[in-house]
Amino acid sequence: MATLKDFRNNVKPNWCPGCGDFAVQAAIQRSAANVGLEPHDLAIVSGIGCSGRISGYINCYGFHGIHGRSLPIAQGLKMANRELTVIASGGDGDGFAIGMGHTVHAIRRNIDVTYIVMDNQIYGLTKGQNSPRSAQGFINNKYSPQGSIESAIAPLEMALAVGATFVAQTFSSNLKQMTTIIEEGMKHKGFSLINVFSPCVTFNKTNTYEWFKENIVDLDEIEGYDPSDKVMAMTKLMEHNSMLTGIIYQNKEKQSYESMVPGFKEEGLAKQSLELSQADFEKLVAEFK
């Protein structure tokens, strides 16, 4: 059985010291080992941005896509080989700006993919521009010295509105919780959205580790919380300005996309014979006569 060490490679991350993405990488590696995967059972697809480098830092199948396009690739990968555990990853700019259309439709399809968003509420790789997650009034001395006039997007409320079956949020300094949530996301039969507060220590001097610790509300602190109650999930998110951590909502009843496709075999395409019999060939040709 694979251990944490089996999911490590010799590629040294070039994230800034203190970046929250280090913890996300560690949590993915721990989660993969904890649920009993081998490196060849896991595929990680990433987009562009600081977070996009993560697909090359873990010993498994990796695909570094283009900006905002990790989810189309991840969904295609899962449909081609449903035996793989597929994780898509990216930042808040990647998933909630240029990739938002893909995010919405992946959620509503409910394909069995886990999407981990490293949310630092800024564009880190391109030197600190405001992102869709930068709050209204966010002061950035270089790009919005008088404060951002735009409202921040609320991705978790959006996910619930378009039919998400697994919505969770965690914080990169809480490795234990993050590992557990990623494990549950991978085991969930359907699309899992996991938003991770992952501070940018270089460019975001507002949403710091200290700021998150002061503002986060753990769901364990809310008595009687029921993650299967969608109305409660939406209500509590709105009450706490989306600053909840934990498994916010899970619907175990809705079928995944691939389980509803007629004739879709359990065996991955990689293991199926792709040869066309003479009878099937003649039948196909006859359609064009």
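Tutor: Lys and Arg count as positive and Asp and Glu as negative, while His and the chain ends are not counted. The model discussed here is predicted.

Student: How far apart do the centres of the positive and negative side chains lie?
Tutor: The chain carries 26 positive side chains. It also carries 30 negative ones. The centres of the two sets are separated by 5 Å.

Student: Which radius of gyration does the chain have, and why is it called as compact as a globular protein of that length?
Tutor: The chain holds ten helices and eight strands. For 289 residues the globule rule gives 19 Å. The chain comes close to that value, so it is as compact as a globular protein of that length, with a radius of gyration of 20 Å.

Student: What percentage of the residues is buried?
Tutor: Buried means under 20% relative accessible area. Of the 289 residues in the chain, the buried share is 49%.

Student: How much of the accessible surface belongs to carbon and sulfur atoms?
Tutor: The C-alpha trace spans about 70 × 45 × 45 Å along its principal axes. The accessible surface totals about 14,200 Å². The share of carbon and sulfur atoms is 53%.

Student: In what order do the strands of the open sheet run, and which are the edge strands?
Tutor: Eight strands make up the open sheet, with mixed pairing. Their order is 2-1-3-4-6-5-8-7. An edge strand here pairs on one side only. The two are strand 2 (61–64) and strand 7 (217–218).

Student: How many residues of strand 5 are buried?
Tutor: Strand 5 spans residues 166–171. Phe-166, Ala-168 and Thr-170 point one way, and all are buried. Val-167, Gln-169 and Phe-171 point the other way and are buried too.

Student: Which residues stand opposite Ala-168 in strand 8 and in strand 6?
Tutor: Strand 5 pairs with strand 8 (residues 244–250) in the antiparallel sense, over four bridges. Strand 5 runs parallel to strand 6 (residues 192–197), with five bridges. In strand 8, Ala-168 faces Ile-247. In strand 6, its bridge partner is Ile-194.

Student: Is Phe-7 buried or exposed?
Tutor: Phe-7 sits in the segment before helix 1 (21–34). Beyond its neighbours within four places in sequence, its contacts include Gln-29, Ala-33, Leu-42 and Ile-58. Its relative accessibility is 0%, so Phe-7 counts as buried.

Student: What distance separates the C-alpha atoms of Phe-7 and Ala-26?
Tutor: Phe-7 and Ala-26 are 19 residues apart along the chain. Their C-alpha atoms are separated by 9.4 Å.

Student: Where is Asn-110, and what is its phi?
Tutor: Asn-110 lies in the loop between helix 4 (100–109) and strand 4 (114–119). At 0% relative accessibility, Asn-110 counts as buried. Its phi is positive, in a residue other than glycine, and is near 65°.

Student: What is the phi of Gln-121?
Tutor: Gln-121 is in the loop between strand 4 and helix 5 (155–161). Gln-121 counts as buried because its relative accessibility is 4%. Its phi is a positive value in a residue other than glycine, near 60°.

Key
Residues numbered from 1 in each chain as written. Predicted model: local features only at pLDDT ≥ 70, side-chain atom pairs only at ≥ 80, totals over all residues. Heavy atoms only, no water. Rg over C-alpha atoms; globule rule 2.2 N^0.38 Å. Buried < 20%, exposed > 50% of the residue type's maximum accessible area, 1.4 Å probe, protein only. Areas by Shrake-Rupley, 256 points an atom, 1.4 Å probe, with all protein chains shown as cover. Charge placed at Lys NZ, Arg CZ, Asp CG, Glu CD. Pairing = 2+ DSSP bridges. Contact = heavy atoms within 4.5 Å.
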